[in-house]
Amino acid sequence: MADRCFPNVMPDFVPESPKISDEEAKEKHEGDEILPQGTQDSLLKLLSLPHSALSQKLQRAALDLKETIVVETWGATGQRVEDFTLYTGTLGTAFILFKSFQVAGNKNDLSLCLEIVKACDSSSASSRDVTFICGRAGVCALGAVVAKYIGDDNLLQHYLAQFKEIRLSKDHPDELLYGRAGYLWTCLFLNKHLGKETIPSTSTGAIVREVISKGRKLGEAGGSPLMFEWYGERYWGAAHGLAGISHVLMEFELTSDEREDVKGTLRYMMKNRFPSGNYPASEEDKKRDVLVHWCHGAPGIALTLIKAAEVFGDKEFLEAAMDAAEVVWNRGLLKRVGICHGISGNAYVFLSLYRLTGIVEYLYRAKAFACFLLDRAHMLMSTGDLHGGDNPSSLFEGIGGMAHLFLDMVQPKNARFPAYEL
Ligand SMILES: [Zn+2]
């Protein structure tokens, strides 16, 4: 287990130094002093900075990372798109630019974002994948939303029309990365940014019913009211399984029977978690307590339990989410940088719990993971101790995830796990 994560020796809580006035800050250059990096001292110093000083540092680091990512994935490729997806490809760069615009308000980010989406539009035209994270739906939806922010109504209509051409077939699975849940999430994203019934509830509702009825059929055989399969395996996690599908279902209007089935599914997972508090990856893989990722394990399931606490209000879900967050704190400082199975993604568990509960210890824990990266990610990647991902500039596997997290740390109340939290 030790080879998967760094031991977390960071203190359970470090209070911020008291705020200093602007004048004092100018004199002291608070937050700007050059510290040796990668030591317990340098990390503790970062952790005790006042929020304003730390967020300036994080924002600056995020904007630098963004520049690097744009050069690597866009400039250096001659603006050719080979992998258009949000997960490992060029749409991830566009998404980071959109996030950067939302935090820093620079309109140049928005124009470049749109340029990149246009290239992804051409290269995804024949794709049959229907989701935000791995499919063409993400291209059309991000295009429509950014067109709206830039005030180009024709382009908005173009992308919306393209989105409506996307067809779900019987062969598509139900999970988040390639299936119905990922298509439904895209509809939620469009409705959030473009207005409630942009994608009408009559059409999303029919897909929701279909997902639930398929889940019930497979659920009948075991102890969970809902169960799904992806390539022959019945996964639990956010990327391919119960957590991801339930997370999306809870965003929709459900009947009381359907709500009970979603609750029952979450209770089934809570009851059958590992003694350590972590969660199995699938029904078929219930013995190996090793994965503490967003895709498989406690982090992705924690985000779903937080959503359940918010939607249903039941205390049991919040308590289970807090238990899962303990696992993430102790075993989630992974030797990988990204969003899907890395430190950046795991930090979102704490941000999400902070948003729901307002408990500052959770904000501290998110800050601790972010500061660990800010302090030593580059150094650890250069020595090979921290894996930068097979696609090192990507949003889900590479430093794109770190850029996204740093931007979200600037406005933690608005933080959202990309393409998962609305
Ligand atoms: Zn993963």
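Is Cys-340 buried or exposed? In this predicted model, Cys-340 counts as buried, because 26 C-beta neighbours lie inside 10 Å and the cut-off for buried is 20 or more.

**The annotated site**

The UniProt record, an unreviewed entry, places a "binding site" at Cys-295, Cys-340 and His-341. These residues are spread over 47 residues of sequence, yet they cluster in space. Their largest C-alpha distance is 6.4 Å.

Beyond its close sequence neighbours, within four places, Cys-295 is in contact with residues including Gly-237, Gly-300, Cys-340 and His-341. With residues up to four places away again left out, Cys-340 touches, among others, His-293, Trp-294, Cys-295 and Phe-396.

**The two domains**

The domain assignment gives domain 1 (39–80 + 366–421) and domain 2 (86–170). Their centres, taken over C-alpha atoms, are 22 Å apart. In all, 21 residues of domain 1 contact 18 residues of domain 2. On the domain 1 side, helices H3 (51–75) and H16 (399–410) each supply at least two residues. H3 gives the most, with seven residues. By class, this side has 11 nonpolar, eight polar and two charged residues.

**Helix H2**

Which residues of helix H2 (residues 40–48) are buried? They are Leu-43, Leu-46 and Leu-47. These residues sit on the same side of H2 because they cover an arc of only 100 degrees around the axis. What covers them includes H3 and helix H15 (360–382).

Methods:
Residues are numbered from 1 along each chain as its sequence is written. This is a predicted model: local features need pLDDT of at least 70, side-chain atom pairs count only at pLDDT 80 or more; totals for chains, interfaces and linings use all residues. Domain bounds come from an automatic or database domain assignment. Two residues are in contact if their C-beta atoms, placed from the backbone, lie within 7 Å. Helices (H or I, at least four residues) and strands (E, at least two) are DSSP runs, numbered from the N terminus. Ala, Val, Leu, Ile, Met, Phe, Trp, Tyr, Cys and Pro count as nonpolar, Asp, Glu, Lys and Arg as charged, and the others, Gly among them, as polar. A residue is buried if 20 or more other C-beta atoms lie within 10 Å of its own, exposed if 12 or fewer, and partly exposed in between; C-beta atoms are placed from the backbone. The arc is that of the directions from the helix axis to the C-beta atoms. UniProt positions are given in the numbering used here, feature names are shortened, and annotations may be inferred rather than shown by experiment.
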